[in-house]
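Dear colleague,

Please find the structure below, together with its sequence.

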Amino acid sequence: MQTLDLGNREEGKIWHRKPSPSTQQGVIINIIHSTTGYHSKTIRFLNVAFDTSGDSLLAGDHQGNVYAFELAANKFNLVQRTAQACTALAFNLRRKTEFLVALADYSIKCFDTDTKELVSWMRGHESSVSSISVHGSGRYAITSSADTAQLWDLDTFQRKRKLNIRQSVAIQKVFFLPLSNTIISCFKDNTVFAWEFDTLSCKYQLPSPIEGSALRYKVFAVTRDGRVLAAGGKSNHLHLWCLDSKQLLRIIQMPTKVRSVRHLEFLPDSFDGGSNQVLGVLSQDNILRFINIQTCKLLFEVGTHEEGISMATLSPNGRYIAAVMENGSLSIYSIQALTQEINKPPPPLFKVIEESSRSRFDTDKLTVRVAPGISAKPWKSKASKLQTKVLRPQRDVSHEDKENELPDGLNKKRLQALLKGFGEYPTKYRMFVWRSLLHLPENHLAFSSLLDKGTHSAFVHLQNEYPIKSRKLLRVLQRTLSALAHWSTIFGELPYVPLLAFPFVKLFQNNQLICFEVVATVIVNWCQHWFEFFPNPPINVLSMVENILAQHDKELLQHLMNYNITSQVYAWPLLETMFSEVLTREEWLKMFDNIFSNHPSYFLMVVAAYIICSRAPLLHCNQKEDFEYFFHHRNNLDISVVIKEAYHLMDCTPADIHPRRMLDDFVPLTKGQYPIFNKYPKFIVDYQSQERERIRQDEIEYLRERQLVHEVEAKAIERRVEDETWYRKQELLRKAEEQRRKILIQEEEKLAEQRRRLAAVKRELKVKELQLLEAARRRFLKYQQDQREMELKRLDDEITRKASMRDQETAATIRDVEVQQMELQSQRRLFEQKLIKEQEAVTQEVKGELDTSRRKADLEEHLLQRLIETDQGREHTAQRLVEECLAKADQEHLDTGWRAQVLRMQRCDDMDREGRYQEIAALLRDNRATEAELRDAMKAEEAQKWEDVLEEREHLAAEQAVTAALDANRKQFLEREMKDAVELAGKLQDEDGYFERLRDLRASRQGLETHQASSKTQSQPGNTCLNDSSGADSSAQFSLDRGRQELETRERELMAEVRQLRQRLMSQAQARQAPSPVDAQGSS
């Protein structure tokens, strides 16, 4: 066994001497790929793929190197380095130099073996690609992985369709059926579907396997005719399905040592018409077994336990097996060497018992001795030894006996005797008898070499001349005729060779070798001297038939001559068609049983006998067309009578005109190589060949020129069609544009209508929203009105309370005035109690100051409490304002205007009130001036006591200064707090828009200043408490729309009462001051 180490070489020879696979268990070559260096290792091969011819293959290794091996040319070369492990290969594309390789990154690439360039890169799988199936046309491919299968167009390298599946059911394999447009998809749940490639519609589904079967399909194989599907898995059973009937044909059980099947592939055979009978089964023990699926016999095995096979593929021509071994090497086997023992012819089924002649052995068996005086008796000397010697005596075999002896133990004379007795051979053994009679050599190698030369040019268009319905029969006929033409040139020139060979081809179409050798034997022996007058019919042979006819039926011959019917009309049609046109199948077989069992001259006797036996209808024919029709169609004639008449002619024909004199005896074909056949006028054949070649060249030239003309016309037509197509496309585009414009207008109208509807819906929603907002606003306004009503009610209560307080204060003031009047009136009377009264006055003054201080303290505490409440209510107000912000947003504008109007009205009221207050202050100043004059009058009397009081006043002034400082500090503290509150309110106004807080704080500050001003006014000596700041404050708070007129009316009434009271006080004061000088004089 030769071994090839690729090493670092990129090209070279596969073997250096011609391999002899028969001596090495069928192994032609073992190929390894090792690397040298610091770490030497062997790179494992992973996948192998043959091309369509079967003489070239691709092999991909673990590192992504792809090698091309051309077995016929004995060379290899490195075609690509992908740098990734390849998971699948395909080398049977339409463009012969391109191949597909699936890589470990889930992509598929297409490379060219000649240019070694990347043609295309296809992506789309999300898991490893396990198989690539290419359509018979080479234009489409299916790549399948566990989760999906994808269909690719190899012209554009675009994905046409993708098969998606459920995650629970994975894909086992998806592939094309050979010679059809059907796709088979196999899944892990044992379902098998067939799809139509053009429409991708489901054609059928195979029924479920037999119930109880534990076989789960893993691997599949299909015969070349696409009729039988083999499936296997984790079991030693194989299921064979008939795809035509969709039924399970049989279940094959492998030997017990086979536990699971890893790979299945049918062995191609050139002679089975695609219905492969041998199936290769690779099992878990790494041994590839080949079985016959019809006989279920194990034929041969490839691989051993020591040198196991991990993956194998068979060439399409059935010559080689490429196997990836367990050690990573690649072995190529010769199928012919592996099947050499199988192809031996079977032992003979027909045996003849021979009888030995007694006379030949009598003298040797017994020896007679005669003794004197003793009767003579036969004496057997050493009986046992003598008998042993004479059981197989030496026989002198004559030449005639040699001719009668046939292969496989048959005897020709006995066969002829059997044939005369029954008229034909048994149907069961006819082919075997014929093979023995014709001494067929069965030269497989010679016939294969003839087939390898391909179809002969003379029979390329055989179908046009002979339109045979059966493609298989036409293919076998074409191969047989091509082999005959390659064997001898004359057979490519003869027009009647297809007619001559057709009946034998139809009979032996399942075994082309036997068919070819039968036809060749018939041509060599029964067609002697046929080709000497080429290209004319064999006139010499036809003259023999005519001589026989003249000898035995002159009347019929004379009749034929009278109508100018020559032997080319009545004999040649029978000869060139081998009686296939005038006889049925059974009659033809019966006739050739006799022809093959006799001398070649018997064939001519059969022709003459057929004509003689048909003399009655022939004598009634008088037209040449009738004669021609008669010898080209079946007739009502008993073939047994024709055969008997032929035997009679063989015996009665004179020797001088007997064909035996002109024809040689039967000569079989030679073994090993077929004999040279040159019994024809070679110069005529060569001349015709040359003429035919010249005519063929002229025809090729003419066809080329016509092709050019056709191409020019086609281009012109194509250009015209393209122009018309362009104009048509433009017209279609214009119409499509108009249609699309109309569609766009309609769509725009629809869109406008939808927009109108949407606007109407939005309007309705907006109206509803506005209604909801209006309802919310009304609800909030109602709530505000309720709040304002409550506030007005509270203010009414406050006004009522303050009015009552004012009444009380007015009453108290009146009482005080009355008391003061009473005091002034009683001053004269109680002058002696002056000191006590002054002390009481001082006490009253101190009490007034204490009351003022108390009021100031109460006011400060009130402001502080309000500040605290403001801080506490800030968060509540902010939250409330956040909740009411949306509702107040619309109301704020109205409130702002309303408040501004209220403030203007309040400012007007304040200005009026200020004018009234100034009038009251003027009156009060006049009153104080009068009181000052009264006090000045009394100062003289009191001067003596002021000195005692000065010290106490200085002390009191010091205490008041301390108190004023404390008041100033407290005032500054309150102002600072108010200022911080105002700034905080400003920030809130800037951030959130809550401007009411600032207004309240400013109002609070203004109220504080008003209170301070009123407190200062009240702290002045001699001022009455009629103008309290609480009244102004309250008047500023309840200046509202509702109840404003009532408040103003009440205020006018109060002011009128105050004026009346002051006028009365002024009149009383004037009345008091009038007698004061008299009293002064009296006192002095």
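This is a predicted model: local features need pLDDT of at least 70, side-chain atom pairs count only at pLDDT 80 or more; totals for chains, interfaces and linings use all residues.

Residues are numbered from 1 along each chain as its sequence is written, and side-chain values use heavy atoms, with hydrogens and water left out.

Helices and strands are DSSP runs numbered from the N terminus (helices H or I, at least four residues; strands E, at least two).

Helix packing

I begin with helix α9 (residues 471-487) and helix α10 (residues 497-507), whose axes come within 10 Å and cross at roughly 125 degrees. Axes here are lines fitted to C-alpha atoms, for helices over the stretch in contact, with angles from 0 to 180 degrees between N-to-C directions. The angle makes α9 oblique to α10; under 35 degrees counts as roughly parallel, over 145 as roughly antiparallel, 65 to 115 as roughly perpendicular and the rest as oblique. The crossing of α9 and α10 is right-handed, meaning that the near helix is turned clockwise from the far one by less than a right angle, with anticlockwise giving left-handed.

In this contact (heavy atoms within 4.5 Å), α9 contributes L473, V476, L477, T480, L481 and L484, and α10 contributes V497, P498, A501, F502, V505 and K506. By class, the residues are 10 nonpolar, 1 polar and 1 charged, where Ala, Val, Leu, Ile, Met, Phe, Trp, Tyr, Cys and Pro count as nonpolar, Asp, Glu, Lys and Arg as charged, and the others, Gly among them, as polar.

Helix α10 is mostly covered, with 8 of its 11 residues buried (under 20% relative accessible area; exposed is over 50% and partly exposed in between, with a 1.4 Å probe and protein chains only). The buried residues are V497, P498, L500, A501, P503, F504, V505 and L507. Their cover includes α6 (430-438), α8 (462-465), α9, α11, α15 (572-576) and α16.

Two of these covering helices, α6 and α16, also have axes that come within 10 Å, crossing at roughly 30 degrees. That angle makes α6 roughly parallel to α16, and their crossing is left-handed. Here R430, W434, L437 and L438 of α6 meet W588, L589, F592, D593 and F596 of α16. This contact has 7 nonpolar, no polar and 2 charged residues.

Aromatic pairs

The count comes to 39 aromatic pairs, taking rings of Phe, Tyr and Trp (its six-membered ring) with centres within 6.5 Å; planes under 30 degrees apart count as stacked, over 60 as edge-to-face and the rest as tilted. One of them, F447 with F516, is tilted, at 5.4 Å centre to centre and 35 degrees between the planes. This pair joins helix α7 (residues 444-452) to helix α11 (residues 512-526) across 69 residues, and both F447 and F516 are buried.

The pair of F504 and F592 is edge-to-face, because the ring centres are 5.6 Å apart and the planes stand at 85 degrees. F504 lies in α10 and F592 in α16 (residues 585-596), 88 residues apart; both are buried. Ring pairs also link F504 and F592 into a cluster with W434, F508, W526, F579, W588, F596, F603, Y610 and F666.

A buried serine

S334 is located in strand β32 (residues 330-334). At 10% relative accessibility, S334 counts as buried. Leaving aside residues up to four places away in sequence, S334 touches P21, G26, I28 and R319.

Yours sincerely
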